[in-house]
Amino acid sequence: MSSPAAALNRPATVHLHGSLAEPLRLTVAELRELPSHRIEVSFDCLGSGVQRHGFEGPKLWDVLRTARPQIDFTGRKQRLGLLLTVTGADGHRAVLSWAEIDPDFGGQQILLATSIDGAPLDRAGPQLVVPSDHCGARYISGITEVWVGPLA
């Protein structure tokens, strides 16, 4: 049985599941092994006003491609019915469409950030960064899971 102190020192992991070859768990260190991108963003946070930060990490697209999604990439229309749900440690959840991250459609540079303003997020967990959002509601901290699946 592990102690509560050991659990606090364990690196955060992200559980990727849904329409994937098999579920996958990645630490922030493992996310850093993917191609990394740096972006500067500003967004309006309801509780503390305009925030400006520099984030670095892999694109959500690259993370999900690593997890081998069970998707037919030869066509395009069938991908339009796929959704992503991203959940943080506090239960905060956001839904994105596959088309937002797919280079054949929106191709947005949505990140699973591994650092904010140069500070690593190994213990806290990665942060979802949606640079096109003016509101910070989809900037989810401490991501614990990403689900991929069809619109029901």
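Is Asp 133 buried or exposed, and what is its relative accessible area?

Modeller: The model is a predicted one, and the values that follow are computed from it. Asp 133 has a relative accessible area of 15%. Because buried means under 20% relative accessible area, Asp 133 counts as buried. Its partner is Arg 138: the two form a salt bridge in which the closest N and O atoms are 2.7 Å apart. Arg 138 has a relative accessible area of 18%, so this residue is buried by the cut-off of 20% as well.

Side chains of opposite charge can pair when their charged atoms come close. The count for this model comes to seven salt bridges, including the one between Arg 138 and Asp 133. Another joins Asp 102 to Arg 79, with 2.6 Å from N to O. That pair links distant parts of the chain, 23 residues apart: Asp 102 is in the loop between helix 4 and strand 7 (111-113), while Arg 79 is in the loop between helix 3 and strand 5. Both Asp 102 and Arg 79 are buried. They also belong to a network of salt bridges that links Arg 76, Arg 79, Asp 102 and Asp 104.

A further salt bridge holds Asp 122 and Arg 32, whose closest N and O atoms are 2.7 Å apart. Here the partners are 90 residues apart, with Asp 122 in the loop between strand 9 and strand 10 (127-129) and Arg 32 in the loop between helix 2 (28-31) and strand 3. Asp 122 has a relative accessible area of 23% and is partly exposed; Arg 32, at 35%, is partly exposed too.

An open sheet of four strands has the order 3-4-8-9, with antiparallel pairing. Its edge strands are strand 3 (37-45) and strand 9 (119-120), each of which pairs on one side only. Within the sheet, two bridges join strand 4 (residues 49-57) to strand 8 (residues 115-116), and Glu 56 stands opposite Ser 115 in strand 8.

Ile 39 lies in strand 3 and is buried, with a relative accessible area of 10%. The C-alpha atoms of Ile 39 and Gly 54 are separated by 5.7 Å, although the two residues are 15 places apart along the chain. Leaving aside neighbours within four places in sequence, Ile 39 is in contact with His 53, Gly 54, Phe 55, Gln 109, Leu 111, Val 129 and Pro 131.

Leu 60 touches, among others beyond four places in sequence, Leu 84, Ile 101, Leu 128 and Val 146.

Notes
Residues numbered from 1 in each chain as written. Predicted model: local features only at pLDDT ≥ 70, side-chain atom pairs only at ≥ 80, totals over all residues. Heavy atoms only, no water. Contact = heavy atoms within 4.5 Å. Pairing = 2+ DSSP bridges. Buried < 20%, exposed > 50% of the residue type's maximum accessible area, 1.4 Å probe, protein only. Salt bridge = Lys/Arg side-chain N within 4 Å of Asp/Glu carboxyl O.
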